[in-house]
Amino acid sequence: MGEGGRGRRHREGVSAVRIGAGAGFAGDRWEPALELIEHGDLDVLVLEGLAERTIALGHLERLADPAKGYNSFLIDRWRALLAPARARGVTLVTNMGAANPRGAADATLALARELGLGGLRVAVLTGDDVTDLVRASPDRPLLENGAPVHTLFDRMVAANAYLGAEPVRDALATGADVVVTGRVADPSLFLGPLMRAHGWRADDWPTLGRGTVIGHLLECAGQVTGGYFADPGSKDVPGLDRLGFPLAEVAADGSAVITKVAGSGGRVTRATCIEQLLYEVGDPKSYVTPDCIADFSGVSFVEEAPDRIRVAGANGRPRTATLKASVSFRAGFVGEGHMSYAGPTAAQRARLAGDIVRSRLAQRRLDLDEVRVDLIGVDSLHGPASRTRAEPYEVRLRVAARTQNRRHAEYVGQEVQSLLTNGPYGGAGDFTQVREQIGVRSVLIPRDAVKPMIEVVA
């Protein structure tokens, strides 16, 4: 690794690697990441923050301003983490470059100069933007509905392929202190450093399967330490306000222990690990990634000590000849209006208000694709099935509609707002907004057609 990025164990052929999760989504906290750097004795910290919608919004930002398109919190995050990571030899890996990894790298170096961190090396991994490649194959079917991808071309924003662990490994081999990527599959961000440190071959399918399980367990950060697990009274988790993020101690054979910094909030248990293992997994026997087809079906979790769970039993099979690409497109607008009602007949008045707005929208003959009228706290999640006999004393009406016409989306909020003087009594706290919607569909493209590129900037 680079002079600033040589962790104590982060060398090829080491017996164990300590790799931490510093973020699980674009807007995650960064105090737990700093805690891992300062007290986790890490080699590598991975910050995952790139959902399909996130990169699509990044592309829209970059269309408006070519200097943007990367995570809006990245520099704030680096301001807290860069100097401590450099001082402790912790290498940073993140996909928060989103739609503009090079812009993110340039901003990172500008901050490093401001902080007096001379000689910082940043490796930029690109090649995931396959917009031109997708446009060149207009009849390629969408995975969701089988329609040809060209049906989205008039609204398409971009297409990004899920890169795998190999280019992440190669970026680390440049000696970088920081690796910034665009779209890379979440587990691959962790697998790349493990391949680099342990010298794992790109065709060692069982070991890659084990590494993929580790990456999957870590990728959502605080979820495996109890954040998304907590349920008061049945699954109590202490210290959620200072939740610690996880780290893994990974041996050369791919076996690992999931743990966290001693004294941090949250907990690591068999149950938290099992729930995270199954998170966003369709077939546990065939979890398809760019690196392999991982088999989670034989995974076991053994508690070695409090907050120390040993992971074993994963496997893997040869990877597919294709890569998945997410195709983002403009999907119209959502117009929305809210109004609050309180008192003995709050729910009845809110329902009447919703009926009034629904009728008004129909009378105006607006071009609306879908209209929803919800009473938040009564039926907004499960519809009529969630209603109980006890009517609430206060309730929030929400009316929302999808449309391709921005002006018609604005009229939805206007009709809700008009309830202040034209609806049942007691309405207050009105709120309106219009949001552009981004849709995402998927296609498969030949693996060999995707060309990852690595550039080192300093």
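# A tour of the predicted chain

The protein chain exposes about 19,600 Å², of which carbon and sulfur atoms supply 50%; accessible areas come from the Shrake-Rupley method with a 1.4 Å probe, and for residues only the protein chains shown count as cover. This is a predicted model, in which local features need pLDDT of at least 70 and side-chain atom pairs count only at pLDDT 80 or more, while totals for chains, interfaces and linings use all residues. Residues are numbered from 1 along each chain as its sequence is written, and side-chain values use heavy atoms, with hydrogens and water left out.

**Whole chain.** Start with the C-alpha trace, which spans about 75 × 55 × 50 Å along its principal axes. Buried residues make up 53% of the 458, where buried means under 20% relative accessible area, exposed over 50%, and partly exposed in between (1.4 Å probe, protein chains only). Among contacts (heavy atoms within 4.5 Å) between residues at least 6 apart in sequence, 77% join residues at least 24 apart.

**Largest pocket.** Next, select Glu 52, Asp 186, Glu 219, Glu 280 and Tyr 287, which lie nearest the centre of the largest pocket among its 41 lining residues. The elements that give two or more residues to this lining are helix H2 (52-64), helix H7 (186-198), strand S9 (287-288) and strand S14 (322-342). S14 gives the most, with 3 residues. Colour the lining by class to see 18 nonpolar, 13 polar and 10 charged residues. Here Ala, Val, Leu, Ile, Met, Phe, Trp, Tyr, Cys and Pro count as nonpolar, Asp, Glu, Lys and Arg as charged, and the others, Gly among them, as polar. The volume of this pocket is about 1,000 Å³. A pocket is an open set of points on a 1 Å grid over the protein atoms alone, where a 1.4 Å probe fits, with protein on both sides within 12 Å along at least five of seven lines; lining residues have an atom within 4 Å of a point. Grid points are joined across faces, edges and corners, and a volume is the space filled by probe spheres set on the points.

**Second largest pocket.** Move to Gly 164, Glu 166, Pro 167, Arg 447 and Pro 452, the closest to the centre of the second largest pocket among the 14 residues that line it. About 230 Å³ of space lies here. Helix H6 (residues 165-172) supplies the largest share of the lining, 4 residues. By class, the lining has 8 nonpolar, 1 polar and 5 charged residues.

Select Ile 19 in strand S1 (residues 16-23). Ile 19 counts as buried because its relative accessibility is 0%. Beyond four places away in sequence, Ile 19 touches residues including Leu 42, Val 44, Phe 190, Leu 218 and Leu 247. Now go to Lys 260 in strand S8 (residues 256-260). Lys 260 has 9% relative accessibility and therefore also counts as buried. Leaving out residues up to four places away in sequence, Lys 260 touches residues including Thr 225, Phe 245, Leu 247 and Asp 307.

**Two positive phi angles.** Select Ala 221 in the loop between helix H8 (205-218) and strand S7 (246-251). Ala 221 has a positive phi of about 50° although it is not a glycine, and at 0% relative accessibility Ala 221 counts as buried. Then select Arg 365, in the loop between helix H10 (346-363) and strand S15 (370-376). Arg 365, which is not a glycine, has a positive phi of about 55°, and counts as exposed at 74% relative accessibility.

**Leu 420.** Finish in helix H12 (residues 419-422), which holds Leu 420. Leu 420 is partly exposed, at 42% relative accessibility. Residues up to four places away in sequence aside, Leu 420 touches Met 339, Gly 427, Ala 428 and Asp 430.
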